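Have a look at the model first.

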Amino acid sequence: MVKLCSAESAIIAKIAKNVIFSIPILIPLVDKADVNRGKMFAAAYAGYSELRKGDPVITLTKEEALKLEPRLNPDIQSAIYFREYFIDPFRLILMNAVDAKRHGAEIQTYTEVIDILRKDNSVTGVRVRDKFSGEIKDIKAKIVVNASGPWGSKVAKMAELEHPLRLNKGSHVIFDRRISDIGIIAKCIDGRTAYLFPHENTTILGTTAVDIFCDPDEVETTYDDLEYLMVAMEKAIPSIRQARIIRTMTGVRPMINQYGIIEENVTRNYEIIDFENKAGVSGFLSFGGGKLVLYRIMAEKMTDLICKKLGKNAECKTGTDPLIGAEKDVDVDRLATKFGIYPHVARKLAYLYGTKATDVLSLAEENPQYKMEICNCESILEAAIRYSIRNEWAKTLNDVRRRTRVAMGPCQGCSCIHKVAAVAADELNMSPEALMQDLGNLLQERWKGKKPLLLGQQLAQEEVLQSSYSHVPKIHQGLRTGEEES
Amino acid sequence: MKDFKTEVAVIGCGIAGITAAKKIASEGADVTIFSKAYGATAMSTGVVDIANPTVVKLPLKPPEELISEKYAKKANHPYALIIRREKQLEGRTAQSEEDNYSQTISKAVTTFLENMKDVDYPMEGSLNHNMLLIDSIGSAKCTSLAPPSVARGDLTKINKGQIIFIGFKGHSDYDPRLCSQNFARTSKIVGLPDAVEGASGKLTDFPGFEGRNTLLSIEIARRLDREEGIATGVGRKIGDLAKGDGATHVCLPPCMGIDNVERNLKVIGEESGLIPFECANLTPPSILGFRMQLALEDSANKSGVVIRLPYEVKKIEIEENNLKRMAVVSGERSFHVDADRFVLATGSFIGGGIIEEEETVKEPILNLPLFDENDAQVNSVFIRRMLSSEAIPIKGHPVFSVGVKVNENMQPVSDKGEPLYSNMFACGNILSGFNHTSSGCRHGVAITTSYVAGEEAAKKQRKREE
């Protein structure tokens with residue numbers, strides 16, 4: 001498994017080179033037991049560093065570790081130092097979607113599968129509902145692939161098939177800036193590992209593992225989730241509570257359904273279930289388990305199976321051909337000079353779009369005002385917002401947010417969302433009515449992540465946002481009209 | 001600075017602190033303001049909401065009526081306290097609900113307007129009229145007192161007209177096209193007569209700002225103030241853009257200057273042939289808020305009130321149930337300030353008058369008991385219990401109603417209603433009894449409660465019964 005992950009990690013670093021970044025990580029070793037564990041980790045990791053084309057794992061003395069990160073708890077024996085790759089998951093998915101489209105795929109967002117069509121022992125297609133218009137229609141298909149992640153069981157049930165998954169919630173706390181330029185590992189109360197990683201302009205602290213049984217849409221980050229993480233990281237970085245939390249983030253792992261063992265020991269391997277074999281029903285294939293680094297190999301194996309069923313013979317090139325934008329490194333300085341933008345803005349564009357950054361900036365050729373900076377926290381230009389709407393299936397403000405990172409910085413949209421709204425309204429030709437509702441949706445989505453741990457300076461920031469928007473009608477959830485007296 | 005003494009110490013230099021200090025000075029007492037930084041006032045909308053209606057629909061009831069009908073009906077609202085105090089002083093029964101007109105509130109408003117006029121930052125408006133403004137995204141914003149540059153956009157006063165929306169290319173704070181589209185929707189919601197129309201919204205390169213793709217409000221304001229010909233160029237361009245449109249008014253972003261707004265707008269008006277006005281500010285940064293802050297400071301100076309900024313009051317020592325001595329920090333220096341009376345005008349979360357500590361709310365200087373909208377003490381209640389699941393609830397999140405409870409004399413009290421210290425007063429957003437974000441009386445509560453707090457804090461002697 002480790003070998004596979006290492007190999008894949010090197011492939012992804014190549015095919016998505018612009019959205020990959022590597023950070024050094026420190027594992028502080030507090031006692032003898034830690035030191036021994038550290039030695040085992042180093043040994044296991046060392047074997048794969050060449051495969052993943054990364055740096056070797058080294059041991060640092062306490063002094064060396066504290067020099068690297070002075071905020072570290074000095075009560076340590078030594079530390080392990082190694083490097084890991086990180087990625088912007090939204091952009092990775094987007095790049096894959098764009099690439100799929102280039103190869104002839106059709107992508108339909110806001111199109112919810114509400115039923116899977118069956119004729120006797122064959123799955124023949126899907127029934128979908130357009131979330132905007134409410135229109136329902138049937139789409140025929142020779143093969144339906146269930147890649148719905150934590151909703152896998154729910155979707156399989158639509159085809160009257162069983163694909164049990166073990167759903168497990170993982171929460172993160174996000175801080176307003178880089179606390180350290182290196183990642184820090186700490187031990188949780190139950191022996192699990194917590195990590196503090198710099199992530200673009202912010203820092204993330206994660207993660208929990210709680211088995212859940214509700215619909216993944218219902219998960220909430222609880223106060224307990226977050227305290228669990230803070231208590232752990234306090235041991236490694238005693239001053240962590242002084243850092244400003246801007247929001248929380250929760251995801252659900254769609255793990256293979258292994259019962260009777262703790263989450264940590266559940267396999268992270270993936271499964272591809274062919275229901276022709278399992279239940280005698282053809283035309284339905286389902287994913288389970290896996291982890292982000294395995295996404296490509298999972299897709300490759302699934303596609304191999306599909307090709308076999310469809311009688312197609314073709315070579316898989318996803319491991320060698322770069323995704324759109326990742327063809328080569330971008331000369332950030334040249335980009336900045338050519339388009340007359342600040343270097344840090346160019347750097348951001350190069351990171352998000354790779355070689356396509358020139359396409360984004362070219363929108364400003366005819367309309368120079370598209371070089372206007374809309375989101376100051378994340379340095380996002382108007383051109384990026386328009387590009388995401390024109391070329392990246394962005395239909396709502398939340399879509400724009402995921403693709404461009406507007407409203408994901410410290411102010412969580414307080415200063416910029418009305419500006420993003422103005423641009424989106426122009427680009428999407430939205431009626432003011434629809435726009436205000438969408439603005440309300442964006443604020444509601446941001447609130448979901450802020451509410452569980454709204455503290456310190458973020459509470460003051462929230463007061464600013466509330467004072468700014470409280471008088472705006474229809475921004476309130478539930479579309480209360482001006483007629484209601486409170 | 002050595003340890004020193006002042007008769008009355010006011011903590012906070014926002015609209016509440018300065019208004020209180022001026023009242024104290026006018027009553028003949030010596031007063032000094034201490035503040036750690038700018039707070040909510042400097043980034044606020046820069047207009048004073050005295051009593052907004054819950055639902056903004058024409059015709060708008062005036063603040064006077066709304067205070068009587070709505071705000072004063074809530075027993076713990078600061079306006080209700082002010083009215084009760086007045087009745088007590090006049091010997092009227094506190095229960096006479098019919099007569100909720102308040103001389104005190106009226107005097108407070110008049111005094112505030114006089115103070116601002118005195119420093120050449122006149123504001124228009126009164127208790128008899130609520131204005132209807134357009135904000136920078138085209139939604140309706142109601143207010144009572146506003147500078148003329150904004151008041152000229154009062155839609156209730158424009159009987160007939162056509163408003164064109166024009167903005168600077170590269171200035172992301174104001175998109176005139178969105179404003180113009182939303183105006184049409186807003187007109188329907190509030191019931192604006194057809195005679196007041198919205199025309200198109202246009203973004204343009206004004207002379208002197210060509211080719212700019214990131215233009216800050218402060219730059220527009222400063223250059224209009226300081227550079228020769230900028231206002232003229234803006235006016236002419238507006239005139240060109242509005243030609244043949246039939247427009248009578250032009251809605252501009254709220255940054256038409258800091259020191260010379262009226263002069264700038266006069267030039268723009270003459271050159272364009274339209275009546276220019278500034279829209280209301282939506283989110284910070286706010287030039288309007290900044291202007292108000294500067295005018296308030298000028299006003300303090302005019303009364304001989306010194307503002308010590310940045311001077312952070314860390315704590316206050318107590319002696320026999322009286323506040324006595326403040327421990328103050330400014331940069332690397334720390335020292336003590338003795339005072340006979342103290343006024344807390346430290347604001348809500350934005351200014352740090354109320355903070356979060358250990359997941360709950362706290363008043364950081366004296367650890368005063370804090371109360372919610374229903375007069376329940378909330379000192380150990382978890383913040384998350386005071387948050388609604390809606391992002392922008394109509395009534396606001398309960399946590400933003402949390403504050404210090406005061407009696408009619410603006411003295412902070414315990415849950416039993418007894419003054420905690422005989423020589424301490426509080427005013428502005430630090431008070432409980434109203435939601436600081438959504439109540440429709442932002443700054444209105446500040447100028448009225450500070451008037452009373454100032455009057456009380458100026459008294460050298462207090463009768464035992466009080």
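## Chain B domains

The C-alpha centres of domain 1 and domain 2 of chain B sit 35 Å apart. Domain 1 of chain B covers 4-117 + 291-458, and domain 2 of chain B covers 154-278; the bounds come from an automatic or database domain assignment. Between the two, 5 residues of domain 1 of chain B are in contact with 5 residues of domain 2 of chain B (contact: C-beta atoms, placed from the backbone, within 7 Å). On the domain 1 side of chain B, the touching residues split into 3 nonpolar, no polar and 2 charged (nonpolar: Ala, Val, Leu, Ile, Met, Phe, Trp, Tyr, Cys and Pro; charged: Asp, Glu, Lys and Arg; polar: the others, Gly among them).

## Ground rules

This is a predicted model, where local features need pLDDT of at least 70 and side-chain atom pairs count only at pLDDT 80 or more, while totals for chains, interfaces and linings use all residues. Residues are numbered from 1 along each chain as its sequence is written, and chains are lettered from A and ligands numbered from 1 in the order in which they are written.

## Chain A confidence

Chain A averages a pLDDT of 91, with 96% of the residues at 70 or above (pLDDT is the predictor's per-residue confidence, from 0 to 100). Over residues 477-486 of chain A, though, pLDDT stays under 50.

## Around A:G170

A:G170 is partly exposed, because 18 other C-beta atoms lie within 10 Å (20 or more would be buried, 12 or fewer exposed, and partly exposed is in between; C-beta atoms are placed from the backbone). Beyond four places in sequence, A:G170 touches residues including A:G206, A:T207 and A:R253.
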